[in-house]
Structures are given as C-alpha cells and as structure tokens.
Amino acid sequence: MIPIDIIDLQFKNLDHAIAAYLIPTTDGPILIETGPHSTFPVLKQAIEAKGFRLEDIKHVLLTHIHLDHAGAAWAFAETGAKIYVHPFGARNIEDPNRLMASARQIYQDQMDSLWGEMKPIAKSQLVEVDHDEMLQFGDTQIKSLHTPGHAKHHIAWQLGDNIFTGDVAGVKIGNGPVQPPCPPPDINIEDWIDSIAIISRQKPKRLYLTHFSYIENPEEHLGTLHKVLMSWSEFIHDKWKEGLTNEQIIPLFQTYTTNQLKAAGLSQVEIDQYEAANPTWMSVAGLVRYWTKKSQQA
Ligand SMILES: [Zn+2]
C-alpha cells in the first residue's frame, strides 16, 4: 500500500479543518494541496519532520485554486516545484490579483490572518492538466479527473484505488455528516452530480477529502453527498424564490445546517470545525448565485 501522509494544517488553530497530502515517490515526495499561505509554517514543519526539505518537492498537485487549497502553492514554485492545475484555473493562479482582490473585499482586515499572501507563479512553473491525463512521477502514476460543480477548474487526482477529491466529494470531519461546500462563483449542481458519478465510476476504495482525511465507504458517502447537495440546493432555492436576501437567508440556513450537525451528535467544537472548513454564508452566496444565473439563462 502507498504510504500517504495526512498533514493537518491546523487552520485557525483547529484540528481537522484543512489537510495537505504528502506522497513519497522515486522522484521525491509529491504534495497534493498546499492549504493557505497562513498555515505554510505548519506545512513546512511537517514536511521537514518527515525528513524532507521544501526543495525536495518537485511536484505540487492542486485540486483547485481556492485559497484554502492552493494559497501556498507559489511558495513551492519559488523553491522549484511544478504546480499542476486545470487550464481553467491557470490564469488566476499565475496572476492571483483578481482572486485576492475579491477575497479581500469579503475578508477585509481578516485577510492576512486567515489566508496570508498569494504571489504570482511564473508560467514556466505551471503545468496545465485536463481530464483523464496520466502523470508519471518516478514509480508513481496519478490520473486527473476533471470534476467541475464546486469549481469549474476542479480536478480530483486518482492514485490507484485512492482518489484525492478536493471539495467535489464534500466536507466530512470525524464522524460528522458529509456536507457540500458551495462557495461562489462557480457552483453548478448539474455538473457536480455528473462529477460525483465520474468519481463513483472509478470504483475507488478510499476518498481523501481535503476537509478532512479519508473515508472508506465511497459509494455510500457519494450517495449521501448527492442527497444532501440536492436538499441544500432546494432549501436555498425556496428562500431565494420567496424573495429573501442573502442576509435574511444566512441565519435560516445556519439553523438548518447546525440542527443537522447537532442531530448527528456533534459537539460545539466539531460544529466550529465544520464552519471553519465550510462557512454557512459562503454556501448561501454560492447557491443564490447558482439559482440567479440559472433563472437568467432560462
Ligand atoms: Zn473549494
């Protein structure tokens, strides 16, 4: 079995909110996800604790370029790593100004403590990967699965029976229930359902979620995710249809999701971990945007 190291980035000083995965190969260790730059010191320390230097990492595979997954990628590019990303995400990571400006509007003075910096990545360090490409790293092969729905440029990375699912297989922390993170601007329910089917068709034995760790019952997990995605989407649809604003929907949706977590027996600390990995207001914004776009297209 391939030894996959799960690195807990201790985002917001919480356990099990954001992971990065380190995989040894004969071409040096590869990294899947980097987390945000704010947790880079934790990541660096974990890599060094395994006996590696940052420069030993020549390949960093990103599932997508959201800050909690890719925010520290530039730091690895600076020490010589190639950064692998879907073509639809390449431009915004090469020049992250737009990405950072829209994040700064949202997070304002919390931007630095939450996410840290995101610097440009030289084009020569970027490798664009489309659907169903087989990448070879020494003795290790990894296949790309373009899996939009959460983000247009989302890739899940398959290594044998394991799939690193980024956000497309949802968020599940500890024994809690699976949730679909639905941030703006790309949420597309139809694409997401198709992507769940793509992952399911590979018949994986384990899914490695960025939020957080692996699960060993992929079929059941993906089936539940499908159902929860539909019910969240319908909940927001109904409120949006009634004419409520995001600000009015957020507390209603917060109660709805918190009750689900409480019903699953979660403690307040665990509910906080979910909120850190998958903020409620973000999913409201993403799903309202989805329904608004859809009504404009109709
Ligand atoms: Zn994401």
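Visitor: What makes the site of the zinc ion irregular?

Guide: The model is a predicted one, in which local features need pLDDT of at least 70 and side-chain atom pairs count only at pLDDT 80 or more, while totals for chains, interfaces and linings use all residues. Residues are numbered from 1 along each chain as its sequence is written, and side-chain values use heavy atoms, with hydrogens and water left out. The four donor atoms of the zinc ion make angles of 83 to 175°. A tetrahedral site needs all angles between 85 and 135 degrees; four donors are square planar, and six octahedral, if opposite donors are over 155 degrees apart and all others between 65 and 115; anything else is irregular. The zinc site is accordingly classed as irregular.

Visitor: Which atoms are the protein donors of the zinc ion?

Guide: They are NE2 of H64, ND1 of H66, NE2 of H150 and OD of D167, at 2.1 to 2.4 Å from the ion. A donor is an N, O or S atom within 2.8 Å of the metal (3.2 Å for Na, K and Ca), and sites may look incomplete because water is not among the atoms. Along the chain the donors follow the spacing H-x1-H-x83-H-x16-D. H66 lies in the loop between strand 4 (59-61) and helix 2 (67-70), and D167 in the loop between strand 10 (162-166) and helix 7 (189-201), so this pair ties together parts 101 residues apart in sequence. Helices (H or I, at least four residues) and strands (E, at least two) are DSSP runs, numbered from the N terminus.

Visitor: Why is helix 7 called roughly antiparallel to helix 8?

Guide: Helix 7 and helix 8 pack at about 175°, with axes 10 Å apart. Axes are lines fitted to C-alpha atoms, for helices over the stretch in contact, and angles run from 0 to 180 degrees between N-to-C directions. Angles under 35 degrees count as roughly parallel, over 145 as roughly antiparallel, 65 to 115 as roughly perpendicular and the rest as oblique. The angle therefore makes the two helices roughly antiparallel.

Visitor: Why are helix 8 and helix 11 called roughly perpendicular?

Guide: Helix 8 (residues 218-241) and helix 11 (residues 280-297) pack at about 70°, with axes 9 Å apart. They are therefore roughly perpendicular to each other. Residues in this contact (heavy atoms within 4.5 Å) include W232, I236 and W240 of helix 8 and L287, V288 and W291 of helix 11.

Visitor: Why is the pair of helix 9 and helix 11 called oblique?

Guide: Helix 9 (residues 246-263) packs against helix 11 at about 120°, with axes 9 Å apart. The two are therefore oblique to each other. Among the residues in contact are I249, I250 and F253 of helix 9 and W281, V284 and V288 of helix 11.

Visitor: Which peptide bonds are cis, and where do they lie?

Guide: The bond from P184 to P185 is cis, with omega near 5°, and P185 is in the loop between strand 10 and helix 7. The bond from H211 to F212 is also cis, with omega near 0°, and F212 is in the loop between strand 11 (206-209) and strand 12 (213-215).

Visitor: What is the phi of N13?

Guide: N13 has a positive phi of about 60°, although it is not a glycine. N13 lies in the loop between strand 1 (5-8) and strand 2 (19-23). Most residues other than glycine have a negative phi.
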